[in-house]
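I will jot down what I looked up, entry by entry.

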Amino acid sequence: MTATTTPQGVGAIRAHALRRTFGEVVAVAEVDLDIPAGAVFGLLGPDGAGKSTLIRMLATVLRPDSGTAEVFGHSVTAERDQVTPRIGYMSQRFSMYPDLSVMENLEFFATVRGVGRADRRTRAKALLESMGLDEFTTRQAQFLSGGMKQKLMLATTLMHEPDLLLLDEPTTGVDPVSRREFWRILAGLHREGRTVLVATPYMDEAERCTQVAFLDRGRIQRSGSPDEIKAQVPGQLLEVSLPEPRAAMAVLADVPGVTSVHLLGDVVRVLWDADADPEAALTGALAAAGRSGRVREVAPDMETVFAYLAEASGAADEEQAS
């Protein structure tokens, strides 16, 4: 399978001032996007940030209230017939027919997309083999595991060989092994030259993207490569290991020089932005509170970026409201 050629200089997605409201709720507010062909673009943000609404507008499922959006140079509102053949949209919800088999689902959705009978068989065989579903062609979709259901949805999305995949949190609730397998498949599609826009709540998946954008309250707060985004986080990142880490977070948050505190597993991540010795300051504050812990510096990652940007966005909103 190979991606359709796109004229030079035409991006996969270009959006300007894209906006969508639901009553008084602003879901997407003046969003600009410029995603080149062949990118794996990660859309990050907390629940309710507007990720699903943005993806549904690009997929021509929702009409924007204002602004413009183009997919491979074609308007998602005025040229839907030019857009839909080139995109594959995968929603959060399992949308296969539960009482149809794996193969029956593939054939049904391929027929809806206008894929000929000969191509349906060839593509179905190749996709099922690549996704490890070739042994389950006769199994009803309702009896698949969570990871297998997601791979079936991706297979049906790929049957008409789209150039752009719009994936709305495709691995949410899927076990770690299935998540890695899903991203192995996406990496193969990326090597073929396809473009992927994926909303994800998992920061290890964000690290796999060529570009990411942090969306909050309908607005893009930051965008760039994962390394560029991580470089925007000020200060040093420290891990504090100690008993009852959750109970110690309030103590660490009050230390002068600490700009962000969040829990990662059984350690507390602290963002430090001051000239003083962080280890002495943090261990001293813990000792004063009757606690002890071990402090070490670690390299920033997307988990830290996400926590920092979420806190910074919340603080900016509070300041604006006051």
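**Entry 1: a word on names.** Before I look up any element, I note that helices (at least four residues) and strands (at least two) are DSSP runs, numbered from the N terminus. With that in hand, I find Glu181 in helix α6, residues 176–191. I also remind myself that I am reading a predicted model.

**Entry 2: the whole protein.** I counted 11 helices and 14 strands in the protein. The C-alpha trace spans about 75 × 45 × 40 Å along its principal axes. There are 322 residues, and 46% of them are buried. I looked up the accessible surface too: about 15,400 Å², with 48% belonging to carbon and sulfur atoms. For charge, I noted 33 positive and 44 negative side chains, and the centres of the two sets lie 8 Å apart. I then turned to contacts between residues at least 6 apart in sequence, and 69% of these join residues at least 24 apart.

**Entry 3: the sheet of six.** In what order do the strands of the open sheet with mixed pairing come? I read β6-β7-β8-β3-β9-β10, which is 6 strands. At the edges I found β6 (87–90) and β10 (219–224), each pairing on one side only. From one strand to the next, the twist averages 15°. Helix α6 packs on this sheet and touches β3, β6, β7 and β8, its direction making about 155° with that of β7. Helix α5 (residues 146–158) lies across β6 and β7 (164–168), and I noted that α5 runs at about 160° to β6.

**Entry 4: strand β3.** I wanted a closer look at this strand. How many of the residues of β3 are buried? My note says 5 of the 5, residues 40–44, so β3 is largely enclosed by the rest of the structure. As a reminder to myself, side chains in a regular strand alternate between the two faces of the sheet. In β3 I see Val40, Gly42 and Leu44 buried on one side, with Phe41 and Leu43 buried on the other.

Next I checked the partners of β3. It runs parallel to β8 (residues 195–199), joined by 4 bridges, and in β8 the bridge partner of Val40 is Val196. Strand β9 (residues 211–216) is also parallel to β3 and joined to it by 4 bridges. There, Phe41 stands opposite Gln211, and Leu43 stands opposite Ala213.

**Entry 5: back to Glu181.** Is Glu181 buried, partly exposed or exposed? I have it as partly exposed, because its relative accessible area is 24% and the buried class ends under 20%. Leaving out residues up to four places away in sequence, I found that Glu181 touches Ser130 and Lys151. I also looked up Gln150: it is 31 residues from Glu181 in sequence, and the two are 11 Å apart in space, C-alpha to C-alpha.

**Entry 6: two positive phi values.** Most residues other than glycine have a negative phi, so I went looking for exceptions. Thr60 is one, with a positive phi of about 70° although it is not a glycine. I found Thr60 in the loop between α1 (51–58) and β4 (66–71), and I noted it as buried, with a relative accessible area of 10%. Phe72 also has a positive phi, near 50°. Where is Phe72? I placed it in the loop between β4 and β5 (74–75). Phe72 is buried as well, with a relative accessible area of 6%.

**Entry 7: the sheet of four.** My last stop was the open sheet with the order β12-β13-β11-β14, where 4 strands pair in the antiparallel sense. Its edge strands are β12 (258–264) and β14 (294–298), and each pairs on one side only. The twist here averages 25° from one strand to the next. Helix α9 (residues 245–253) packs on the sheet, touching β11 (236–241), β12 and β13, and its direction makes about 175° with that of β12. Helix α10 (residues 278–288) lies across β11, β12, β13 and β14, and runs at about 35° to β11.

How values were computed: Residues numbered from 1 in each chain as written. Predicted model: local features only at pLDDT ≥ 70, side-chain atom pairs only at ≥ 80, totals over all residues. Heavy atoms only, no water. Pairing = 2+ DSSP bridges. Axes fitted to C-alpha atoms, helices over the stretch in contact; angles between N-to-C directions. Contact = heavy atoms within 4.5 Å. Buried < 20%, exposed > 50% of the residue type's maximum accessible area, 1.4 Å probe, protein only. Areas by Shrake-Rupley, 256 points an atom, 1.4 Å probe, with all protein chains shown as cover. Lys, Arg positive; Asp, Glu negative; His and termini not counted. Charge placed at Lys NZ, Arg CZ, Asp CG, Glu CD.
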